[in-house]
Amino acid sequence: MLIAERQKAILTHLAQNGNVSVVDLCHMFDVSEMTIRRDLNELQKQGLLKRTYGGAIPTEPAFFEMSQRAKLSVYVQEKERIGQLCADLVKDGDVVFLDSGTTTLFVAKALKCKAITVLTNDLNIASDLLDCPNITLYVAGGEVRRGTNNLVGSKAISFFDDLRGDILFLGVEGVDLSAGYTVPDLDEVPIKRKMMRSVDQVYVVSDHSKLGRNTLGVIAPISAVKALITDSDGPINFIKAFEEKVKVYIA
């Protein structure tokens with residue numbers, strides 16, 4: 001296989017799976033680790049991926065186009081731990097807002113044993129909670145964003161006009177010390193801000209891959225939330241700097 005063909009295949013595999021490891025790529029293409037590392041370094045120079053310890057993840061443009069199925073397969077154990085930590089913060093009787101996203105979907109799964117009220121703009125979350133008789137479920141209306149199955153637009157925003165909640169678990173794509181909490185799709189910004197204004201406590205949920213990232217749409221500054229909930233694989237220096245501005249829970 002030519003170098004260009006192998007690198008194209010690496011990018012295809014990355015888009016389908018959300019991340020790649022050097023070891024898996026070596027087996028896949030029957031080449032040495034040195035060869036794969038050279039490929040990944042070259043693709044990183046071209047801005048097509050981001051190197052991680054032992055592999056690579058998509059850069060921002062690729063990440064935006066990653067399918068919902070691919071996102072659900074990335075950092076599953078980390079998201080499960082985040083979800084359980086979030087559930088520990090919720091007590092029976094609470095009114096919980098669940099923002100759209102795969103991490104918040106794992107929060108929803110962890111909340112199934114609670115006797116609570118849930119409001120969400122995410123069809124995947126709503127579907128997952130349908131079999132929970134102990135949860136009173138409300139779903140926003142609005143325009144459905146295909147691929148992510150969340151609801152946006154004026155109808156979705158106005159759904160929260162006369163509602164009040166105890167806790168919001170907010171999904172983001174970037175957590176940056178300067179830019180704050182961000183998402184790539186500008187249509188998502190207004191409804192996230194609306195949900196933040198409608199609750200007493202806001203918790204941002206984010207696996208470590210989003211820490212230090214900065215995307216297009218700014219939702220809010222770092223200090224606008226009660227806490228960030230992330231996993232234990234985040235950069236230590238980033239976490240320490242972040243804790244100077246807002247509380248951090250490590251799952």
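Reply: Gladly. Let us start with Pro190, which sits in helix α10. This is a predicted model, in which local features need pLDDT of at least 70 and side-chain atom pairs count only at pLDDT 80 or more, while totals for chains, interfaces and linings use all residues. Residues are numbered from 1 along each chain as its sequence is written, and side-chain values use heavy atoms, leaving out hydrogens and water.

Me: What makes Pro190 partly exposed?

Reply: Pro190 has a relative accessible area of 38%. Buried means under 20%, exposed over 50%, and partly exposed in between (1.4 Å probe, protein chains only). The value for Pro190 falls in between, so the residue is partly exposed.

Me: What makes a group of residues a nonpolar core, and which members of the largest one touch the most others?

Reply: A nonpolar core is a set of buried Ala, Val, Leu, Ile, Met, Phe, Trp, Tyr and Cys residues joined through side-chain atoms within 4.5 Å. The largest here has 31 residues, and Tyr181 and Phe242 touch the most other members. Two or more residues each come from β4 (95-98), β9 (165-171), β11 (180-183), α10 (189-197), β12 (199-205), β13 (217-220) and α11 (236-243). The largest share, four residues, is given by α10. Beyond its neighbours within four places in sequence, Phe242 is in contact with Val175, Leu177, Tyr181, Ile222, Leu228 and Val248. Apart from this core lies another, of 25 residues, including Cys86, Leu111, Val118 and Tyr203. In soluble globular proteins, nonpolar side chains tend to be buried together.

Me: Why is α6 called oblique to α7?

Reply: The axes of α6 (residues 76-88) and α7 (residues 102-110) come within 8 Å and cross at roughly 55°. That makes α6 oblique to α7: under 35 degrees counts as roughly parallel, over 145 as roughly antiparallel, 65 to 115 as roughly perpendicular, and the rest as oblique. The axes are lines fitted to C-alpha atoms, for helices over the stretch in contact, and angles run from 0 to 180 degrees between N-to-C directions.

Me: Which residues of α6 and α7 meet?

Reply: Val76, Lys79, Glu80, Ile82, Gly83, Gln84, Cys86 and Ala87 in α6 meet Thr102, Thr103, Phe106, Val107 and Ala110 in α7. By class, this contact has seven nonpolar, four polar and two charged residues. Here Ala, Val, Leu, Ile, Met, Phe, Trp, Tyr, Cys and Pro count as nonpolar, Asp, Glu, Lys and Arg as charged, and the others, Gly among them, as polar.

Me: And what makes α2 and α3 roughly perpendicular?

Reply: Their axes are 9 Å apart and the angle is about 110°. That angle lies in the perpendicular range, so α2 and α3 are roughly perpendicular to each other. Val22, Val23, Leu25, Cys26 and Phe29 in α2 meet Glu33, Ile36, Arg37 and Leu40 in α3. Seven of the residues in this contact are nonpolar, none polar and two charged.

Me: Where is Asp30, and how do you know whether Asp30 is buried or exposed?

Reply: Asp30 is in the loop between α2 (22-29) and α3 (33-45). Its relative accessible area is 69%, so Asp30 is exposed. Asp30 also has a positive phi of about 55° although it is not a glycine.

Me: What about Lys210: buried or exposed?

Reply: Lys210 is buried, because its relative accessibility is 6%. Lys210 is found in the loop between β12 and β13.

Terms used
Contact means heavy atoms within 4.5 Å.
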